Amino acid sequence: MKPKLSIVKIGGNVIENKTELSKFLAVFSKIEGQKVLVHGGGKLATELGKKLGIESQLVGGRRITDAQSLDLITMVYGGLVNKKIVAELQANNCNAIGLSGADANTIQAHKRPVKDVDFGYVGDVDSVNAITISRLLEANLTPVFCAITHDQNGQLFNTNADTIASEIAIGMSEFYETTLNYCFEKKGVLKDVNDEDSVIKHINTTSYKTLLTQKVIADGMLPKLENCFNALNRNVHQVCIGNISMLAPESNLFTTITL
Ligand SMILES: Nc1ncnc2c1ncn2[C@@H]1O[C@H](COP(=O)(O)OP(=O)(O)O)[C@@H](O)[C@H]1O
Ligand SMILES: CC(=O)N[C@@H](CCC(=O)OP(=O)(O)O)C(=O)O
């Protein structure tokens, strides 16, 4: 039997709220067994970009990333956000190690091909180095990944954090029974985005298509659900979307995704 591994992705709105982030990191630290954290930080990058005169443009939940934006996101995701999270996990007795996909060559990617849109320095993942990540886990370290990948030719890429989380979950499924939790500020995927109590408890391939047609799923929820189904189609054991309380073993108010 494969050992269990929890991969948790934490979203931008939680990262921006110091109190919520601290709550989340305390809960994450207490997850039993081996775990990996993936964080975004898109909202913070947009805000800091504004102050620096760097305009942000998102298409289908993904950021168009020119050279200046790539520098910005490298500083924000790989520096500020990643190191703050690592330090706070250390304060919670979780032996975290901060990584981008370039570190220890953990995630290789190539430039997203130009179809209708040229996303610039946005990377689509080619492979995840599951052996290296396993070695970190075996050394009782908790990897904390930011949303940056590389091409092994010195080029960094901005990669959607939801995609990084699903690709890590897929890659690690070779050695582990993986659970992928998308943790954000809402209780789950909502039927009405303005009604916190309209959580859709189960989504499968058929209901997903209907929700897309009804435009219930929009903005950042689009890449999140695309990634959920990609993960399930490629051997990830369990995929859920919800808020911090989803990580408590007794919780049952969140969205479970199945094929
Ligand atoms: N059906 C839906 N249920 C919940 N959130 C939705 C839905 N459709 C769109 N959203 C929006 O998607 C956002 C989450 O995407 P995003 O901001 O990219 O989150 P994250 O930073 O966690 O990846 C929510 O804050 C919400 O505004
Ligand atoms: C290519 C792309 O869109 N990258 C994302 C990476 C960060 C991210 O995904 O952050 P959240 O999870 O907080 O949205 C971006 O720059 O916004």
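Q: Start with ligand 2. Which residues come nearest to it?
A: This is a predicted model, so keep that in mind. Around ligand 2 there are 17 residues. Gly12, Gly40, Gly42, Ala147 and Ala161 come nearest.

Q: Which elements give two or more residues to that shell?
A: Helix α3 (42–52), strand β4 and helix α6 do.

Q: How do the residues of the shell around ligand 2 divide by class?
A: Nine are polar, five are nonpolar and three are charged.

Q: And ligand 1? How many residues surround it?
A: Ligand 1 has 19 residues around it. The closest are Gly11, Gly12, Phe184, Gly220 and Met221.

Q: Which helices supply at least two residues there?
A: Two are α1 (12–16) and α8 (221–233).

Q: What about classes in the shell around ligand 1?
A: That shell has eight nonpolar residues, seven polar ones and four charged ones.

Q: Where is Arg63?
A: Arg63 is in strand β4, which covers residues 62–63.

Q: Switching to helices. At what angle do α6 and α8 pack?
A: Helix α6 (residues 161–172) and α8 pack at about 5 degrees. Their axes are 9 Å apart. The angle makes α6 roughly parallel to α8.

Q: Which residues make the contact?
A: From α6, they are Asp162, Thr163, Ser166, Ala169 and Ile170. From α8, they are Pro223, Lys224, Asn227, Asn230 and Ala231. By class, the contact has four nonpolar, four polar and two charged residues.

Q: Zooming out, how many helices and strands does the protein have?
A: It has eight helices and 14 strands.

Q: What domain does UniProt place here?
A: The unreviewed entry gives "Aspartate/glutamate/uridylate kinase" at residues 5–243. Over that stretch the chain is 40% helix and 23% strand. The end C-alpha atoms of the stretch are 19 Å apart.

Q: What radius of gyration would a compact globule of 259 residues have?
A: It would be near 18 Å. The protein has 17 Å, so the two agree.

Q: And what box do the C-alpha atoms fill?
A: Roughly 45 × 45 × 35 Å, taken along the principal axes.

Definitions and conventions: Residues numbered from 1 in each chain as written. Chains lettered and ligands numbered in written order. Predicted model: local features only at pLDDT ≥ 70, side-chain atom pairs only at ≥ 80, totals over all residues. Near = placed C-beta within 6 Å. Helix = DSSP H or I, 4+ residues; strand = E, 2+ residues; numbered from the N terminus. Nonpolar A, V, L, I, M, F, W, Y, C, P; charged D, E, K, R; others polar. Axes fitted to C-alpha atoms, helices over the stretch in contact; angles between N-to-C directions. Parallel < 35°, antiparallel > 145°, perpendicular 65-115°, else oblique. Contact = placed C-beta atoms within 7 Å. UniProt positions renumbered as here; feature names shortened; annotations may be inferred. Rg over C-alpha atoms; globule rule 2.2 N^0.38 Å.
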